[in-house]
Amino acid sequence: MRFSQLLIPTLKETPSEAEVASHQLLLRAGFIRKLSSGIYSYLPLGLATIRKVERIVREEMNRAGAQELLLPMVQPGDLWKESGRWEKYGPELLRFTDRHARESCLGPTHEEVITDLIRLNVHSYKELPLNLYQIQTKFRDEIRPRFGLMRGREFIMKDGYSFDATEDGADATYRKMHEAYHRIFSRCGLAFRAVEADTGTIGGSFSHEFMVLADTGEDTIVICKECEYAANMEKARCKTPTAPTPPPLLALEKIETPGKKKVAAVTEFLKISPKELVKTLVYMVEEKPVAVLLRGDHEVQTVKLANALGVNTDNLRLADDKEIFDSTGTPSGYLGPIGLTIPVLADNELTRMHNFAIGANEKNFHLLNANLNRDFTPQIITDLRQITSEDRCPLCGSNLELTRGIEVGHIFKLGTKYSEALKASFLDNQGMEQPFIMGCYGIGVSRTVAAAIEQNHDKDGIIFPLPIAPFQVILLNLSPKDEAITSAANELYSQLGKAGIEVLLDDRDERPGSKFKDADLLGIPYRVMVGKSFSEKGLVEIRDRATGTTLNLPLAETGPKLVGLVREALVAPQ
């Protein structure tokens, strides 16, 4: 393709609306243009990159035994009501009514639709397992669309769904998808980790997120430096070390702490560490109070707390001062677990603490030397806290690293959540009716492009991994009016095209500096320059966009060298 014939409306200035690197560069490089809030048009280069990701996804999904189909984007409200998600999904679900007063929605995901399809068409265990996927535009009415393709309202997604007859079969399918996702993101040329994750609004029993590692990532993830353990902050397990031999348990001692309510103020006054204090927090759970006990320097992980209580995080919030006083009779800042009449949950860390400080349930007073089970017994003791960099890996005990990531894929073991709700069943080998055991597997295709740029860019522009670049080579004719240079550039362009190399020929009548800047901005992996060096020495320069290294070769050697470089980069993982 010739630059002069392609729609590439590059920008010299960064649009004010763009906050993150991928949004800025996608706009500046002419890959996308905004239509309305969170909705973008994909221009030729943007679409070319998206198609590259789609091709890799299709090849690996098909390789794993999945079958591609295409489901309607408009979904009947009755199906969502049948599953129970019509109201639960929230305002992100764009609902509307047609001329016949039928309620519908634009699909943010397709669990209901695929389950309905299978319940009407698959009836026997002999037809299982099934693994189906599609690549399609989705719509979620985000309250604050931002960061371009990172969090838009309309986006391109691969969503897949599996149906198995047994738990063992469902586990095997999940493993296949886990492996397929590893191959997909490896082939895209991305540095990523698969992390344990909470299942969220999709539901199910187990899930992994696939995170592209980037300093600008929205999510903090926990990675072990020595083993494969990785998790997001919501799911990261806090390893509670074996409790040391307990010291002698001391008698409770009531201490006046006038006006000392915050952990820092209390511990400074008592001349103790926050690690020697247990704070008592009150949460409203579906408008009923519960107390949560935590070491003074730790924070509650609300998803863990919601899971321990069996509620959605939307139904969980910190109580205000009035609610705390109304439910406990104690002002905020002096609350402790002894004598509380509301349910009490404690973090695992308390099992290894002794003779710690707590609130005395009396204004301006705290207690010293409190002990679990001797002085109070919580109803639930479990992992409730946010993990920190001081924690150790729950698998191997090594150091953990907290880093940033961008979620580009998510796989779920759904179990029978949707098949039971929609009464989707089959006959097993005993002739008994059983619900399908399901899995769900998503990849944000357009988001993957943005994540790739967040991970791979510099001050000059995008640095695309070769497998997903819109072109593999950008060939610069640095003197279009010079017949010899133009002839050589055209000869190389033809030669590379015949070898199957994707080449963008910059044939514009522009200054070399402008062409260099645009080439760097677009992020095409190999920049090939035919100019003054060719006229004087018969040499063509090849520059690697990622490393900046250059080669100067005769024209006859340039084509074969580029073919070898490109083919080497496209070797798929086994």
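In what order do the five strands of the open sheet stand? The order is S28-S27-S29-S30-S31, with mixed pairing. The model is a predicted one, in which local features need pLDDT of at least 70, side-chain atom pairs count only at pLDDT 80 or more, and totals for chains, interfaces and linings use all residues. Residues are numbered from 1 along each chain as its sequence is written, and side-chain values use heavy atoms, with hydrogens and water left out.

**The five-stranded sheet**

- Helices (H or I, at least four residues) and strands (E, at least two) are DSSP runs, numbered from the N terminus.
- Two strands pair if DSSP finds at least two bridges between them.
- At the edges of the sheet stand strand S28 (503-506) and S31, each of which pairs on one side only.
- From one strand to the next, the twist averages 20 degrees.
- Five bridges link S30 and S31 in the antiparallel sense, and Arg-543 stands opposite Thr-550 in S31.
- H12 packs on the sheet and touches S27, S28, S29 and S30; contact means heavy atoms within 4.5 Å.
- The direction of H12 makes about 165 degrees with that of S27; axes are lines fitted to C-alpha atoms, for helices over the stretch in contact, and angles run from 0 to 180 degrees between N-to-C directions.
- Helix H13 (residues 512-522) lies across S27, S28, S29 and S30 and runs at about 175 degrees to S27.

**Helix H15**

- Helix H15 (residues 555-569) has 15 residues and spans 22 Å from its first C-alpha to its last, close to the 21 Å expected at 1.5 Å a residue; the expected span is 1.5 Å times one less than the number of residues.
- Buried residues of H15 are Leu-555, Thr-558, Gly-559, Leu-562, Val-563, Leu-565 and Val-566; buried means under 20% relative accessible area, exposed over 50%, and partly exposed in between (1.4 Å probe, protein chains only).
- These buried residues fall within an arc of 165 degrees seen down the axis of H15, so they line one face of the helix; the arc is that of the directions from the helix axis to the C-beta atoms.
- An α-helix has 3.6 residues a turn, so residues three or four places apart point the same way.
- Ala-556, Arg-567 and Glu-568 are exposed on the other side of H15.
- Among the elements that the buried residues of H15 pack against are strand S27 (473-477), helix H12 (483-498) and strand S31 (550-554).

**Asp-383**

- Asp-383 lies in the loop between strand S20 (380-382) and strand S21 (400-415).
- Asp-383 counts as buried because its relative accessibility is 17%.
- The side chains of Asp-383 and Lys-304 are joined by a polar contact of 3.0 Å (a pair of N or O atoms within 3.5 Å; within protein, one must be able to donate a hydrogen and the other to accept it, and residues adjacent in sequence count only if both atoms are side-chain atoms).
- A polar atom of the Asp-383 side chain lies 3.1 Å from the backbone nitrogen of Cys-238.

**Lys-275**

- Lys-275 lies in the loop between helix H7 (263-270) and strand S14 (278-285), and is partly exposed, with a relative accessible area of 44%.
- Not counting residues up to four places away in sequence, Lys-275 touches Arg-295, Asp-297, Met-353 and Glu-390.

- Strand S1 (residues 32-36) and strand S2 (residues 39-42) run antiparallel and are joined by four bridges.
- Ile-32 has Tyr-42 in S2 as its bridge partner.
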